[in-house]
Amino acid sequence: MLKLQYYYYVLTIASVLILALIVLLNNAKKLTNQIYFLFSSVMLLWLSSQFAADIANDINASLQFIRVTVFSSIYIGVFFIFLIDSLITDSKPNKRLWWLMLIMALIISPFAFISSTVESVKIQQWGVEAQYGATYNIFLVYSVFIVIAALYLAFKRSTQKTARAKAQIRLIFLGIFLTA
């Protein structure tokens with residue numbers, strides 16, 4: 001029998017999918033909409049892998065799903081930076097920034113699957129609890145870098161942007177704050 005928190009997963013996954021499709025279908029040629037769809041798709045992978053880890057009956061399967069969750073979090077950061085940049089630059093991306101983000105993600109991605117990143121999982125009453133190892137610190141440093149880069153892009157570089165772009169960025173950060 002599924003626990004109440006699992007319905008939260010299903011509702012969240014369905015909401016993210018519906019919103020991503022609405023945004024994309026509104027104007028599929030707009031770069032910002034394409035990036036938002038990719039961001040949402042990676043978010044769906046992250047949510048789905050966490051959900052799968054929580055409902056898996058096999059501890060090894062749960063461990064692998066948690067590693068996929070760590071892996072997908074890397075690309076959530078990448079597409080988040082892409083999204084902020086595309087909102088600020090009005091569909092003219094900063095190619096150097098985008099390449100830097102992709103290269104960083106490709107370099108650290110394999111670390112998500114090694115045993116010293118996520119060493120084990122414990123099945124708890126509420127779901128799966130991951131036991132992180134020493135190389136997980138790479139992901140913590142990466143996450144701090146993403147937050148700093150996003151704040152820089154959103155507030156330092158957006159001073160010359162339209163009120164609409166500023167409002168969109170504020171809404172993104174409000175959503176992050178509310179879900180944190």
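Mentor: Let's start with a term: a helix here is a DSSP run of H or I at least four residues long, and helices are numbered from the N terminus. Keep in mind that this is a predicted model. Now find Ala52, which belongs to helix α2, residues 31-55. Is Ala52 buried or exposed? Its relative accessibility is 16%, so Ala52 counts as buried, given that buried means under 20%. Next, look across to Phe65. Along the chain, Ala52 and Phe65 are 13 residues apart, yet 6.5 Å separates their C-alpha atoms.

Now for the helices themselves. Two packed helices are described by the angle between their axes and the distance between the axes. Here the pair is α2 and α3, the latter covering residues 59-88. Their axes are 8 Å apart, and the packing angle is about 160°. Because angles over 145 degrees count as roughly antiparallel, α2 is roughly antiparallel to α3. What kind of residues make up the contact of α2 with α3? There are 21 nonpolar and eight polar ones, with no charged residues. As for handedness, α2 passes α3 in a left-handed crossing.

The side chains of Thr135 and Thr117 make a polar contact at 2.6 Å. Setting aside neighbours within four places in sequence, Thr135 is in contact with Ile114, Ser116 and Thr117.

Notes
Residues are numbered from 1 along each chain as its sequence is written. This is a predicted model: local features need pLDDT of at least 70, side-chain atom pairs count only at pLDDT 80 or more; totals for chains, interfaces and linings use all residues. Side-chain values use heavy atoms; hydrogens and water are left out. A polar contact is a pair of N or O atoms within 3.5 Å; within protein, one must be able to donate a hydrogen and the other to accept it, and residues adjacent in sequence count only if both atoms are side-chain atoms. Contact means heavy atoms within 4.5 Å. Helices (H or I, at least four residues) and strands (E, at least two) are DSSP runs, numbered from the N terminus. Buried means under 20% relative accessible area, exposed over 50%, partly exposed in between (1.4 Å probe, protein chains only). Axes are lines fitted to C-alpha atoms, for helices over the stretch in contact, and angles run from 0 to 180 degrees between N-to-C directions. Angles under 35 degrees count as roughly parallel, over 145 as roughly antiparallel, 65 to 115 as roughly perpendicular and the rest as oblique. A crossing is left-handed if the near helix is turned anticlockwise from the far one by less than a right angle, and right-handed if clockwise. Ala, Val, Leu, Ile, Met, Phe, Trp, Tyr, Cys and Pro count as nonpolar, Asp, Glu, Lys and Arg as charged, and the others, Gly among them, as polar.
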